[in-house]
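Welcome! Take a moment to look over the sequence and the model below, and then we can walk through the structure together.

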Amino acid sequence: MKLKNSLTTVLIFIIVAFYIVAAYAPTVTWGSLGLQDHLMLINKAVFPDGQLHGVYAGEWWRIFTVVLTHASWIHLGFNMLVLFQLGNIVERYYGKGRYAILLLVSLVVSSFAAVQLMPVNQSTVGASGMIFGLFGVMLISGKHMGIDYRQLLVWIAINLVITFAVPGIAWQAHIGGLVAGVAIALIFQAIPPRQSRQRRQSVY
C-alpha cells in the first residue's frame, strides 16, 4: 500500500483542510455561526446566535464532524502525527474496508460516550477518540502487526496519564474510543476476512 494512496493520508488531508478553513477563513459560515461551531461535539447549549444547538438539539452530524475540529495547531499536529504513524500500520494489516469500519465505529462510540458523560453544555473537539480506537485495536492485535508490545503499552499508558492529568481533555471520548477499538479487534479476530476463509476452505 502506497502512503499517498492510503485512507489514512486522505483522512489527514481532509482534517487539516477543515482546520485551516475554520481557523483562517472566519467568514466561512453555516447560517449565522462559524464553521467550527457547527462541527464540534456538544450535547446541547445556547450558542451566540441565541439558538439551541447540539446533538440532542437534533444536530446528529456532530457525532461524526468532531473529527474535523481541533483547538490549535499543536493539538492538530499531535493528533495527525499519531494518526499517520498508527493508522498506516493498522490499515496495512486490516485493509481499507475493515480499517474504515474501525475508524467509524471508534468515532461514533467515543462521541456517544462524550455526549453522555460530559456536562450538557461542554463542547469537545478533535480526533483523539477515534485515534484511541487504534490504540485499542493494537492492544489486541499489535503482536500480529509486528509492534513492540512493551513499547505500545508504554505509549498507551503515557496517553492515558495525559488524558486524566491535563485539565480540559475529554477523557470520556478517549476511553470510549479505546473500548471500541478493543471490541472491534476481538470481532475481527472472530470473523476473519473472506479471503482468509476461502484459503482455509481450499485446503480440503
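## First look

Of the 204 residues in the protein, 42% are buried, where buried means under 20% relative accessible area, exposed means over 50%, and partly exposed lies in between (1.4 Å probe, protein chains only). This is a predicted model, in which local features need pLDDT of at least 70, side-chain atom pairs count only at pLDDT 80 or more, and totals for chains, interfaces and linings use all residues. Residues are numbered from 1 along each chain as its sequence is written, and side-chain values use heavy atoms, with hydrogens and water left out.

The protein has nine helices and four strands. Here helices (H or I, at least four residues) and strands (E, at least two) are DSSP runs, numbered from the N terminus. Read from the N terminus on, the order is α-β-β-α-β-β-α-α-α-α-α-α-α.

## The cores

In soluble globular proteins, nonpolar side chains tend to be buried together. A nonpolar core is a set of buried Ala, Val, Leu, Ile, Met, Phe, Trp, Tyr and Cys residues joined through side-chain atoms within 4.5 Å. The largest one here has 43 residues, and Ile 15, Leu 83, Val 90, Met 130, Leu 134 and Phe 135 have the most contacts inside it. At least two of its residues come from each of several helices, including H1 (7-24), H4 (73-94), H6 (128-141) and H8 (171-190). There is also a second, separate core of five residues, with Leu 33, Met 40, Ala 45 and Phe 47 among them.

What does Leu 83 touch, beyond residues up to four places away in sequence? Its partners include Leu 11, Ile 15, Tyr 99, Met 130 and Leu 134, where a contact means heavy atoms within 4.5 Å. Among contacts between residues at least 6 apart in sequence, 70% join residues at least 24 apart.

Ser 106 is found in helix H5. It counts as buried because its relative accessibility is 0%. Leaving aside neighbours within four places in sequence, Ser 106 is in contact with Gly 129, Met 130, Gly 133, Gly 177, Ala 180, Gly 181 and Ile 184.

Arg 62 lies in helix H3 (residues 62-65), and its relative accessibility of 0% is why Arg 62 counts as buried. A polar atom of the Arg 62 side chain lies 2.8 Å from the backbone oxygen of Asp 37, and one lies 2.7 Å from the backbone oxygen of Met 40.

## Toward the surface

Where does Val 125 lie? This residue is in the loop between H5 and H6, and Val 125 counts as partly exposed because its relative accessibility is 23%. Leaving aside neighbours within four places in sequence, the contacts of Val 125 include Gln 36, Met 40, His 70 and His 75.

Val 179 sits in helix H8 and is exposed, because its relative accessible area is 51%. Val 179 and Phe 135 are 44 residues apart in sequence and 9.4 Å apart in space, C-alpha to C-alpha.

Ile 14, in helix H1, counts as partly exposed because its relative accessibility is 34%.

Notes. Polar contact = N/O pair within 3.5 Å; in protein donor to acceptor, adjacent residues only side chain to side chain.
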